[in-house]
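Subject: Structure for your review

Dear colleague,

Please find below the structure that I am handing over to you. A summary of the findings follows it.

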Amino acid sequence: MKKVLFVCLGNICRSPMAEAVFRKMVEDENLSDKIFIDSAATSSWEHGNPIHSGTQTKLKEQKIAFDLHKGSQKISSEDFYEFDKIIAMDESNLENLRKMAPEGTRQKIAMLLEQGVPDPWFTGDFQETYQLVKMGCQRLLDEIV
């Protein structure tokens, strides 16, 4: 089983959106028994908080379930060993993940999209975030399959 972890700063906007979008794509391809999906944060600022209302609204509009998200959680050192792919949402998170990564795990870290996904917490543009996340998740799924 492949294990994929999406990571952003707070785990309330972009990474849970990517987790939900990717899970839907995986389910639609009948691959749920082959790919495990989760999300996390590089910071503990939002620890335990639910998905941002803007992300919830966008996912509801697209009829994408997000009820498996258990609240914001910070990435742990064990996650670097447990997951096969650790997907950063932007350059800042990529750099933070590289600094946090235990020896021998950095090769698992990659960007969802080369240009990154802007944080809608700052931009307010959840539509742009959704479009970029959807495109990146499709590329990731194609790569894995």
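I begin with K58, which counts as buried at 8% relative accessibility, since the threshold for that class is under 20%. Please note that the model is a predicted one. K58 forms a salt bridge with E61, and their closest N and O atoms are 2.6 Å apart. Both residues lie in helix α2, 3 residues apart, which is about one turn of the helix. E61, at 48% relative accessibility, counts as partly exposed.

Further salt bridges

The count of salt bridges comes to 9. In general terms, side chains of opposite charge can pair when their charged atoms come close. One of the bridges joins D90 to R14, with the closest N and O atoms 2.8 Å apart. This pair links distant parts of the chain, as D90 sits in the loop between β3 and α4 (91-100) while R14 belongs to helix α1, 76 residues apart. D90 is buried, with a relative accessible area of 18%, and R14 also counts as buried, at 2% relative accessibility. R14 and D90 are linked with D119 in a network of salt bridges.

Another salt bridge is formed by the side chains of D38 and K70, at 3.0 Å from N to O. D38 lies in strand β2 and K70 in the loop between α2 (53-61) and α3 (77-82), so this pair ties together parts that are 32 residues apart in sequence.

Strand β1 is mostly covered, with 5 of its 7 residues buried. β1 pairs with β2 in the parallel sense over 7 bridges, and within that pairing C8 has A41 of β2 as its bridge partner. Together, β1, α1 and β2 make a right-handed β-α-β unit. β1 also pairs in the parallel sense with strand β3 (residues 85-88), over 4 bridges; here V7 stands opposite A88.

The loop between β1 and α1 holds N11. N11 is buried, with a relative accessible area of 0%. What does the side chain of N11 reach? It makes a polar contact with the side chain of S39 at 2.9 Å, and the side chain of N11 also reaches the backbone nitrogen of Q73 at 3.1 Å. Leaving out residues up to four places away in sequence, N11 touches several residues, including P16, A40, A41, H69, G71 and S72.

In soluble globular proteins, nonpolar side chains tend to be buried together. The largest nonpolar core in this model has 32 residues, of which F6, V21, F22 and I35 touch the most other members. Two or more residues come from each of β1 (2-8), α1 (14-28), β2 (35-41) and α6 (126-144). The greatest contribution is that of α6, with 8 residues. Apart from this core lies another, of 13 residues, among them V7, L94, I109 and M111.

As for V21, its contacts beyond the neighbours within four places in sequence are L59, I64, Y130, V133, K134 and C137.

With kind regards

Terms used: Residues numbered from 1 in each chain as written. Predicted model: local features only at pLDDT ≥ 70, side-chain atom pairs only at ≥ 80, totals over all residues. Heavy atoms only, no water. Core = buried A, V, L, I, M, F, W, Y, C linked by side-chain atoms within 4.5 Å. Buried < 20%, exposed > 50% of the residue type's maximum accessible area, 1.4 Å probe, protein only. Contact = heavy atoms within 4.5 Å. Pairing = 2+ DSSP bridges. Right-handed = clockwise from strand over helix to strand, strands pointing away. Polar contact = N/O pair within 3.5 Å; in protein donor to acceptor, adjacent residues only side chain to side chain. Salt bridge = Lys/Arg side-chain N within 4 Å of Asp/Glu carboxyl O.
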